[in-house]
Amino acid sequence: MVREARKVQAKTDRDVGTSQGGRVEQCAAQVNAGGWTGARAGTASAAPALPRRFSVREQVLDALRAALLAGELTPDRVYSAPSLADRYGVSATPVREAMQRLASEGAVHIVPNRGFRVARRTPREAAELAEVRALLEVPAILRLARTVPARHWAALRPLADAAALAAASGDVAGYADADRAFHGAVLGMSGNNQLVRIAAELHRRSQWSPAPARDRGDLVADAAEHAALLNALAAGDAVAAETVIRAHFA
C-alpha cells in the first residue's frame with residue numbers, strides 16, 4: 001500500500017513539474033511578444049519616438065502611457081485629440097481611440113467637446129487598489145510557493161533584472177512595463193488566465209498615480225522586492241514570500 005502511494009505521488013510530482021515547465025515557457029513567450037526588452041533609451045523632450053507596435057492606435061497608446069507616467073501630461077489639464085495628434089504626428093482618430101482606452105483604465109476623464117483631462121488619484125483610491133491587488137495576488141503566490149518546483153523560478157530572473165535596470169536608471173515608464181511583466185509572469189505560473197487578466201487590469205490602474213511622483217529610490221526598493229520574492233519562492237518559503245509581497249503592496 002505504501003509503495004503504491006509513493007508511485008502515485010511520484011507521478012503527480014512529475015506531472016506538476018511538466019505543467020509548470022510549460023507555464024514558464026508560456027510566460028516567457030507572452031513577455032517577449034509584448035516587446036519588453038529592458039529600460040527605455042533616453043528621456044523625453046519634445047515629441048517622443050513611438051514604440052514599435054502592430055497598429056498606430058497601439059503605438060499612440062504606448063506613447064501616451066509613457067507620457068503620463070513620466071509626468072509630461074499633467075493632472076487636471078485638458079488635452080485635445082488634435083493637439084496630441086500633432087505631438088505624435090498622427091491623425092486625431094487613433095488618439096481618440098487611445099484616450100478612450102485610458103479613460104476605461106481610469107487614467108483620464110472625458111471632457112465633452114473639449115478633450116480629455118488627466119485624472120488625479122487620491123491616496124485613498126491608491127490604497128484601495130493596493131488592497132484589492134493583495135487580496136487577489138497574495139493567496140495565489142502562497143499557493144505557488146508550496147507547489148511550484150524551485151528550478152522553475154529561475155526563468156523569471158531576467159524579468160526581475162529588467163525591472164531593476166529600469167529602476168536604477170530612473171525610467172518610470174520602463175519600470176511600469178517591467179513591473180507588470182514580472183507580476184504577470186509570476187501569476188501566470190498558476191495557469192489561471194482569468195486571474196492573470198484581472199490582476200493585470202488592476203495593476204495597470206494602480207500605476208496611474210501622477211502625484212506624488214515616484215523617485216528613483218522608490219523604484220529601486222520595489223525592484224529589490226521582486227528579487228526577494230523570487231528568492232523566497234525558489235526556497236519554497238511561503239512565510240517569507242508572504243512577508244515580501246505584502247510589503248510590496250503596502
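The exercises below, each with a worked solution, concern a predicted model.

**Exercise 1. Overall layout**

State how many helices and strands the chain has, and in which pattern they follow along the sequence.

Solution. The chain has ten helices and three strands. Read along the sequence, their pattern is α-α-β-α-α-β-β-α-α-α-α-α-α. Of its 250 residues, 41% count as buried. Among contacts with a separation of 6 or more, residues 24 or more positions apart account for 73%.

**Exercise 2. Packing of H7 and H9**

Describe how helix H7 (residues 172–188) and helix H9 (residues 216–234) are arranged, and list the residues through which they meet.

Solution. Two packed helices are described by the angle between their axes and the distance between the axes.

1. Distance and angle: the axes of H7 and H9 come within 11 Å and cross at roughly 15°.
2. Class of angle: angles under 35 degrees count as roughly parallel, and H7 and H9 are therefore roughly parallel to each other.
3. Hand: the crossing of H7 and H9 is left-handed.
4. Residues: H7 contributes Val172, Tyr175, Asp179, Phe182, His183 and Val186. In H9 they meet Leu219, Asp222, Ala223, His226, Leu229, Leu230 and Leu233.
5. Composition: by class, this contact of H7 with H9 has nine nonpolar, two polar and two charged residues.

**Exercise 3. Valine 111 and asparagine 113**

Decide whether valine 111 is buried or exposed, and do likewise for asparagine 113.

Solution. 

1. Valine 111 lies in strand S2 (residues 108–111). Because its relative accessibility is 12%, valine 111 counts as buried; the cut-off is under 20%.
2. Leaving aside neighbours within four places in sequence, valine 111 is in contact with Val78, Phe116 and Arg117. The C-alpha atoms of valine 111 and serine 80, 31 residues apart along the chain, are separated by 9.3 Å.
3. Asparagine 113 is found in the loop between S2 and strand S3 (115–118). At 85% relative accessibility, asparagine 113 counts as exposed.
4. Most residues other than glycine have a negative phi. Phi of asparagine 113 is near 65°, a positive value.

Terms used
Residues numbered from 1 in each chain as written. Predicted model: local features only at pLDDT ≥ 70, side-chain atom pairs only at ≥ 80, totals over all residues. Heavy atoms only, no water. Axes fitted to C-alpha atoms, helices over the stretch in contact; angles between N-to-C directions. Helix = DSSP H or I, 4+ residues; strand = E, 2+ residues; numbered from the N terminus. Parallel < 35°, antiparallel > 145°, perpendicular 65-115°, else oblique. Left-handed = near helix turned anticlockwise from the far one by under 90°. Contact = heavy atoms within 4.5 Å. Nonpolar A, V, L, I, M, F, W, Y, C, P; charged D, E, K, R; others polar. Buried < 20%, exposed > 50% of the residue type's maximum accessible area, 1.4 Å probe, protein only.
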